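Dear colleague,

Please find below the structure I am handing over to you.

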Amino acid sequence: MSKSVVIIGGGIIGLCTAYYLHKERHQVTIVDKSNGSEGASYVNAGYITPSHIVPLASPGIITQGLKWMLNPASPFYIKPRLNGDFLKWALAFKRSATKQNVEQSIGPIKDINVFSRELYSDMKSSGDFDFHYERKGLLLAYKDDKVGEEEWDVGQKAIDLGLKVEHLSQKDLAELEPKANLDVKGAVYFHSDAHMTPEIFMKDMKRYLKSVGVSIQNEEVIDIEISGDAISRIITKTGSMQADEFVLAAGSWSGFLNKKLGLKLLLQAGKGYRINVERETNISIPTILCEAKVAVTPMQGYTRFAGTMEIGGINHNINPVRVNAIAKASEHYYKGLKITDAEKAAAQCGLRPLSPDGLPYIGRFNAYKNLTIATGHAMMGWSMGPATGKLVAEIISEQLPSLDLQPYHPDRKF
């Protein structure tokens, strides 16, 4: 049965949700307050990452975070503040940073990433799109032997889950990536991963959605009206919209709308930065610079250097110290690389929605029968986009979901 659906949020999650809802013959409207060319969906590393099986909330992260708080250039920073929402999230994050959480999360994280990779591949081969997509894997390059051992421990867990992973020596790496001049001791190589150019995909997807009749409206949602156990309509600055179903996929801004619904969705914004280098770098394989937590991606027409996780509220202020840290770290790992002042000055940032336990929120809240949540994907929103959209479409279409939804349930306890 065809339904009218309003999706709040026009990032990667919102667009992929619209794509699969349209495939199920629903009438879809996307509402997004941005100008459609900025935010985390445009400035991310473009990774599709079955390799990323360990959630941010893991043993040792609190101790490491406390150490890094003293360093303004650190890759992970939590700004302490007397804010009720932040304090609740921080407590839940602390409770989740356990070995048990990691063990419970590895399977669901791997499953949704692999599913998404398959769906991206299906989109690419469908003939509907012309976006950049390559599957060259992902290198986790390290300078310190202890870090290499830790990454290989994760790699072995991934092998147990069915992924192909190799531990490369310095010589192996030089043969695989001969022109990049990586100055490291070795790397863990995940063959499972793929990468894209986010801006190209977003533009291509919007073009396709508009061509098939999906409405994309540049509006800000300011209120939500409720009737019993259902949402009756949303209020924007210029009017209102009614629908049979509503999807909340507003990324880091989902928390504001969540409050209007009286829901207890724990969510914080994690800021990340990117620098684009639009000249030859001789980097051909996506690489994470392990100690620096910098992601390097050879995109269509440029190389992107991205990094940092700065949890300090919703803002788009550019911190030049963190931008310089990404550039300096990148130059430290690649001999001969020089990122210019102009390239650093053009850096942009995006906000990634973080759940406390590192798993996204996907599913219906028990309180409302026509509201589906799709947010909280942290650093893997790009990677999980198609799978999330497909799962939401299955929920609304009342179909058997492709994955077990229980680990992602928005009403789960922390």
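The model is a predicted one. Three elements each supply at least two lining residues: helix H4 (84-96), helix H9 (254-260) and strand E15 (268-277). The greatest contribution to this lining comes from H4, which gives six residues. By class, the lining of the second largest pocket holds 14 nonpolar, seven polar and nine charged residues.

I turn next to the cavities. Over the whole structure, the search finds two cavities of 30 Å³ or more.

The largest cavity contains about 40 Å³ of space. The residues lining the largest cavity are Leu56, Ala57, Trp89, Phe93, Leu354, Ser355, Pro356, Asp357, Gly358 and Ala378. Seven residues of that lining are nonpolar, two are polar and one is charged.

For the second largest cavity, the space amounts to about 30 Å³. Pro55, Leu56, Gly358, Ala378, Met379 and Met380 form its lining. Five of these lining residues are nonpolar and one is polar, while no charged residue takes part.

Yours sincerely

Methods
Residues numbered from 1 in each chain as written. Predicted model: local features only at pLDDT ≥ 70, side-chain atom pairs only at ≥ 80, totals over all residues. Heavy atoms only, no water. Helix = DSSP H or I, 4+ residues; strand = E, 2+ residues; numbered from the N terminus. Nonpolar A, V, L, I, M, F, W, Y, C, P; charged D, E, K, R; others polar. 1 Å grid on protein atoms, 1.4 Å probe; cavity = no way out; pocket = protein on both sides within 12 Å on 5 of 7 lines; lining within 4 Å. Points joined across faces, edges and corners; volume = space filled by probe spheres on them.
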